[in-house]
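Hi there,

Here is the structure I promised to pass on. Have a look at it first, and my notes follow below.

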Amino acid sequence: SSEVGRILEEAELKPYRVRSWCHSTDPDFRKKMREIVRLYVKRPRGEPVLCVDEKTGMQALSRCRDLQQAQPGQSGRQEFEYQRHGTRCLFACFNIGTGRVVGRCTKTRKRSDFFSFMAQVASRYRQRRVHVVLDNLNTHRDTSRGKFVTEWNQQHGNRFVFHYTPTHGSW
């Protein structure tokens with residue numbers, strides 16, 4: 001192993017260091033990016049700007065034994081064993097003007113879960129016009145099979161203006 005380390009060091013190779021990137025092929029990348037940056041920099045007066053996204057596949061775990069508290073000269077200790085309770089999806093809405101977050105955990109990440117969460121957001125934000133920044137996930141957009149977002153917005157008085165990030169341009 002020391003021979004491998006010596007060779008890597010001589011060649012100035014660090015295989016454990018990896019940088020990643022993502023290239024967007026969205027032809028409207030600049031237009032969408034400018035629109036969203038403009039919302040962040042110059043928020044419309046009296047109109048909240050909300051960023052909505054979800055974190056999927058979060059494990060719901062509980063430890064089999066309680067944490068042993070730290071003692072003088074000894075770190076706290078935690079048993080490695082845990083019990084798995086499946087996974088959950090966290091929907092979150094971040095208000096860029098106030099820093100407030102609205103959240104909800106669900107068992108699934110279906111369109112119905114998204115709209116149920118958005119109904120919670122709609123009840124919290126009653127302004128005449130609300131800007132929502134979303135990524136391009138299929139549950140966030142109208143599809144060839146239906147105008148789900150448009151219909152939901154109509155049911156909520158067309159108060160919401162949806163701004164979509166460029167493809168592979170997640171914030």
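Which are the buried residues of helix α4? They are Val149, Trp152 and Asn153, in a helix that runs over residues 148–155. "Buried" here means under 20% relative accessible area, "exposed" means over 50%, and "partly exposed" is in between (1.4 Å probe, protein chains only). The three cover an arc of only 100° around the axis, which puts them on the same side of α4; the arc is that of the directions from the helix axis to the C-beta atoms. As a reminder, an α-helix has 3.6 residues a turn, so residues three or four places apart point the same way.

Before going on, a word on the source. This is a predicted model, in which local features need pLDDT of at least 70 and side-chain atom pairs count only at pLDDT 80 or more, while totals for chains, interfaces and linings use all residues. Residues are numbered from 1 along each chain as its sequence is written, and side-chain values use heavy atoms, with hydrogens and water left out. Helices (H or I, at least four residues) and strands (E, at least two) are DSSP runs, numbered from the N terminus.

Back to α4: its buried residues pack against α3 (111–124) and β5 (160–164), where contact means heavy atoms within 4.5 Å. After the helix comes Gly157, with a positive phi near 75°. Asn158, in the loop between α4 and β5, also has a positive phi, near 50°, and is a residue other than glycine. Asn158 is exposed, at 52% relative accessible area. Glu12 is another residue other than glycine with a positive phi, near 55°. Glu12 sits in the loop between α1 (2–10) and α2 and is exposed, with a relative accessible area of 70%. For context, most residues other than glycine have a negative phi.

Next, the largest pocket. Its volume is about 170 Å³, and of its 15 lining residues the closest to the centre are Pro48, Asn95, Gly97, Thr98 and Tyr125. On a 1 Å grid over the protein atoms alone, a pocket is an open set of points where a 1.4 Å probe fits, with protein on both sides within 12 Å along at least five of seven lines; lining residues have an atom within 4 Å of a point. Grid points are joined across faces, edges and corners, and the volume is the space filled by probe spheres set on the points.

Asn95 is worth a click. This residue lies in strand β2 (residues 82–95) and is buried, with a relative accessible area of 6%. A polar atom of the Asn95 side chain lies 2.8 Å from the backbone nitrogen of Gly97. Leaving aside neighbours within four places in sequence, Asn95 is in contact with Pro48, Val49, Leu50, Arg100 and Tyr125.

Finally, what does Glu47 touch, leaving aside its neighbours within four places in sequence? Its contacts are Arg129 and His131. Side chains of Glu47 and Arg129 are joined by a polar contact of 3.5 Å (a pair of N or O atoms within 3.5 Å; within protein, one must be able to donate a hydrogen and the other to accept it, and residues adjacent in sequence count only if both atoms are side-chain atoms). Glu47 lies in the loop between α2 (29–41) and β1 (49–63) and is partly exposed, at 22% relative accessibility.

Best wishes
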